Amino acid sequence: MKLKIDLFKHALLLMGLVMMGNFAMAQRTITGTVTDAETKEPLIGASVVVDGTTTGAITDFDGKYSLDVPEGATALKFSYTGYTTTTQEIGASNVIDMALSAGAVLEEVVVVGYGTRKAKEVTSAITSVKAEDFNQGNVADPAQLLQGKVAGLSIARPGGDPNQGFNIRLRGLSTIGANTQPLIVIDGVPGASLNSVDPNDIASIDVLKDGSAAAIYGTRGASGVILITTKRGEPGETSVSYNGFVAVESVDRTVPVFSATDYKNFEGSTDLGSETDWFEELTRDAVTQVHNTSLAGGTEKTSYRISFNLRDGQGVALNTDYTFLNGRINLEQRALNDRLKLTMNLASTLRRANFGFSDAFRYATIYNPTAPVFSDNPNDENGGYFQQDLFDYFNPVAILEQNFNEGQQRRIVMNLRADYELIDGLTASVFYALQRENDEVNTYYDKNSFWIGAGRNGLAERRNDERDSELLEITANYNFEVNPELEISVLGAYSYQEFVNNGFSASGGDFVTNAFTFNNFAGASDFANGLGSVNSYKNSNKLVAFFGRVNVNYEDTYYLTASLRREGSTKFGDNNKWGWFYGVSGGVTLSNLFDVQGVDNLKLRVGYGVTGNPPNDSYLSLLRFAPLVDDDGNSIFALFNGGYIPAYGPASNPNPDLQWETKSDISVGLDFSLLDYKLNGALDFYSTTTKDLLLDFPVDASTNLFPTKIVNIGELRNSGLELALDYQAIDKSDFSWAPGIALTYFLETKLITLSDPESGLDFGGFRDIANLGAPGQNQTPLVRVEEDADIGQLWGLVYEGIDEDGEWIFADVNGDGNPGQNDDRQVIGNGLPTFQLGFNNSFTYKNFDFNIFFRGVFGHDLVNTFRAFYEAPSAIVSYNVLESTEDVANLTAGAKFSDLHVENASFVKLDNMTIGYTFDLPENSSFTKIRLYATGQNLLTITNYKGVDPEVRFTDSEGGALAPGIDRRNTWFRTRTIAFGVNLGF
């Protein structure tokens with residue numbers, strides 16, 4: 001409280017000084033007229049502001065203004081919605097007229113991959129998001145910056161695990177066996193890690209949504225491309241900035257189970273004499289602090305930006321946290337009369353984390369609320385924690401406090417670029433990039449842990465994975481003007497990228513002491529008795545490409561873009577090492593051909609592209625042998641000459657015809673600007689078809705050494721509609737309001753076929769996957785994968801009630817008079833959404849800024865697995881149960897999955913709300929900016945879903961991308977965050 005009062009006192013003092021300073025300064029009055037540069041018409045309501053302050057005026061009906069300017073002011077800034085903001089130095093004259101050029105939104109630079117274009121020239125579906133439009137608050141992952149901001153882009157992370165990444169989908173599902181995430185390109189480095197860049201260092205993010213734009217990236221562009229550009233230094237005085245905040249994160253929602261009192265009052269419960277809120281025992285209010293400092297500046301020839309980032313955050317679960325350290329240097333040097341430009345980017349990241357164990361949330365939900373946390377004997381065999389010997393039943397606090405699960409990630413990314421303008425318009429470039437990633441995970445289960453360690457008398461696991469990649473690209477760009485009406489830009493390039501991956505893992509138990517945890521495998525007796533395991537691997541692959549692109553601009557009205565890429569990969573079979581990928585798109589600015597009242601710009605775009613997807617791993621086309629492992633991943637040993645040796649067997653069948661998946665994409669769009677460029681938007685339709693899907697397919701064991709083979713098979717189709725709108729509703733010197741909305745309607749996500757009769761591979765029409773699990777429902781599939789049907793079909797019995805004997809009543813779907821059997825299952829939901837939206841509102845009032853952002857996802861269903869297991873009165877004998885068990889209080893039968901446990905999970909969230917205040921500073925202040933702000937995240941969720949978090953589950957631990965919509969029991973609780981921060985400029 002004292003800190004808040006002190007900050008408030010300092011803020012009042014600072015505002016007082018500023019006001020007194022303003023009165024003390026001599027003023028002069030400047031007048032003038034603001035007009036349209038082309039039509040010479042006056043601009044009504046244009047903003048004229050003293051640069052670096054909030055002192056300003058608005059033009060009247062004749063475009064005229066009058067502004068009292070304090071002594072020492074150096075420039076005026078003129079702005080008008082839809083026009084290019086222009087800064088004019090103040091000279092001796094007291095009259096400054098300004099002619100503004102219309103269409104600022106059309107002149108914005110958009111990164112398109114291997115180049116940039118003006119927004120008016122873009123002919124593909126590309127969305128560009130600048131830093132000022134990013135999501136605010138406790139943002140630890142760059143993916144959060146875009147959540148809800150881009151039509152067609154889905155970003156989800158159920159629960160509040162700070163060490164879990166986000167699932168990113170662009171325009172739905174385009175593959176089922178390859179990478180479903182978009183390709184990430186950071187400062188020109190394809191395949192870069194999102195963990196290598198801090199959100200504070202990002203200047204813009206451009207999303208290539210359709211095939212015509214992504215085809216330039218060939219076999220890696222099928223799931224879309226996200227281009228990240230980091231901040232650069234600018235010529236001028238050196239500037240220093242500091243951005244920091246402190247955030248408090250708390251549990252927003254848990255699973256609604258019985259309290260100790262309600263549990264004891266329910267028939268059949270077992271009272272163990274205590275009253276324990278396991279959720280309270282398991283969680284805490286988590287504190288996160290973030291500090292970002294940057295130094296930037298330069299001269300006419302040299303520019304630089306250096307930044308350092310520290311993020312130290314706790315998770316709401318006990319003993320979970322992370323520390324993120326990141327440094328970045330961006331340098332640019334010009335020479336040889338500015339014909340040579342040298343660029344270097346270097347970033348290094350270290351992230352340490354205590355991951356905890358998500359299963360603790362599962363057991364906290366079902367543990368008896370009358371059980372104590374600790375036993376009466378602190379020295380008992382369970383380490384002093386209360387435990388009961390029941391099936392799948394463990395003390396959740398003991399799980400987090402007795403055991404260790406920690407790790408660290410290291411990322412180093414360096415790239416060098418030399419651009420040399422050989423002649424006017426012709427630039428040759430050489431680009432080299434090196435990326436190294438290292439992931440280390442260390443786990444130890446205590447000797448006294450009833451959960452896992454006790455069965456092995458302590459168990460240690462270590463894993464280290466290292467990934468290196470080197471990239472060399474040589475490009476040539478030629479921009480020339482055939483005549484004043486025709487401009488052409490040509491790109492030609494060569495790319496070579498090599499990947500090397502290696503790793504090591506070990507697992508062993510039976511320790512004498514817990515003292516060394518995972519740091520002394522020599523003390524594990526498992527290696528002597530054959531239970532320990534040591535594994536290592538190394539693999540590599542290469543990617544080579546020749547590609548080019550042509551851009552044509554005719555009369556700033558007709559636009560054409562065409563790209564072609566010839567790419568080869570060592571991941572493919574001997575018969576299909578190389579492939580062609582291409583894209584072509586065109587656009588016409590219709591508003592240049594005819595006048596429509598109120599329409600400032602109207603452009604039609606049409607694009608078609610073919611992209612690909614490679615296998616996830618190397619050597620899949622080859623016959624491989626590897627050490628055999630059991631279902632738990634432990635090595636299998638064979639007894640040989642009195643000792644144990646690793647047992648080897650086939651790991652894959654050969655497939656010399658293995659090739660990339662092929663995705664064809666057609667996109668039609670309409671870009672528009674209305675009401676003097678106040679309303680800008682884009683409407684898009686897309687339809688994609690992916691063929692030759694990569695799938696590990698069962699094969700005839702009599703003619704193959706391994707039971708499955710990686711093959712190209714089948715066809716997947718999806719389509720959708722997108723609408724993005726940005727409206728500058730009010731734009732005055734002391735008040736502005738700018739709402740924006742991004743809508744996506746998913747028309748279809750359909751599996752056409754997964755069979756190939758010519759190759760003798762028959763999917764059989766359908767398969768049921770993704771079992772519910774134990775206890776008691778191991779043979780209960782939740783998803784049906786069916787040819788010529790929608791992906792995401794949730795599959796199960798249809799609930800009709802409970803009979804007088806307390807037994808389930810299910811629909812007799814097949815009419816055989818015996819309801820409730822496997823043949824009575826049918827489609828009871830779908831795990832994929834049909835509609836999503838992001839709704840943003842930005843306000844400014846004098847020195848205040850306010851932003852509120854809502855995000856909604858609709859039409860998806862979720863299997864509430866907690867209800868499927870623990871919404872049954874009979875379960876209370878062993879477990880705590882859900883409050884909703886009272887709705888089926890007359891049920892005597894055991895739990896059985898049906899559509900009763902499938903819920904509509906549509907939701908609307910108040911994702912982000914920020915209020916800030918920027919102080920006016922005196923002329924002699926050492927600060928250039930002081931802004932204080934407060935941000936809230938996940939402040940409100942409106943949904944009918946009874947589970948923890950209604951976010952879409954795009955993948956499943958068992959069924960992968962083919963089994964969306966399953967809310968497993970190890971999901972972290974949903975959280976809410978409040979942050980207080982400051983932005984300082986020097």
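Predicted model: local features only at pLDDT ≥ 70, side-chain atom pairs only at ≥ 80, totals over all residues.
Me: How many helices and strands does the secondary structure come to?
Reply: The count covers the secondary structure of the protein. The total comes to 53 strands and 10 helices.

Me: Which radius of gyration does the protein have, and why does it agree with a compact globule?
Reply: The C-alpha trace spans about 95 × 70 × 65 Å along its principal axes. A compact globule with 986 residues would have a radius of gyration near 30 Å, so the value for the protein agrees. That value is 31 Å.

Me: What percentage of the residues is buried?
Reply: A residue counts as buried when its relative accessible area is under 20%. Of the 986 residues in the protein, the buried share is 52%.

Me: Why is helix H6 largely enclosed by the rest of the structure, and which helices are included in its cover?
Reply: H6 runs over residues 359–366, and seven of its eight residues are buried, so the rest of the structure largely encloses the helix. Among the buried residues are Phe 361, Arg 362 and Tyr 363. Their cover includes helices H5 (278–282), H7 (396–402) and H10 (865–870).

Me: How far apart do the centres of the positive and negative side chains lie?
Reply: The protein has 74 positive side chains and 125 negative ones. The distance between the centres of the two sets is 6 Å.

Notes:
Residues numbered from 1 in each chain as written. Heavy atoms only, no water. Helix = DSSP H or I, 4+ residues; strand = E, 2+ residues; numbered from the N terminus. Rg over C-alpha atoms; globule rule 2.2 N^0.38 Å. Buried < 20%, exposed > 50% of the residue type's maximum accessible area, 1.4 Å probe, protein only. Lys, Arg positive; Asp, Glu negative; His and termini not counted. Charge placed at Lys NZ, Arg CZ, Asp CG, Glu CD. Contact = heavy atoms within 4.5 Å.
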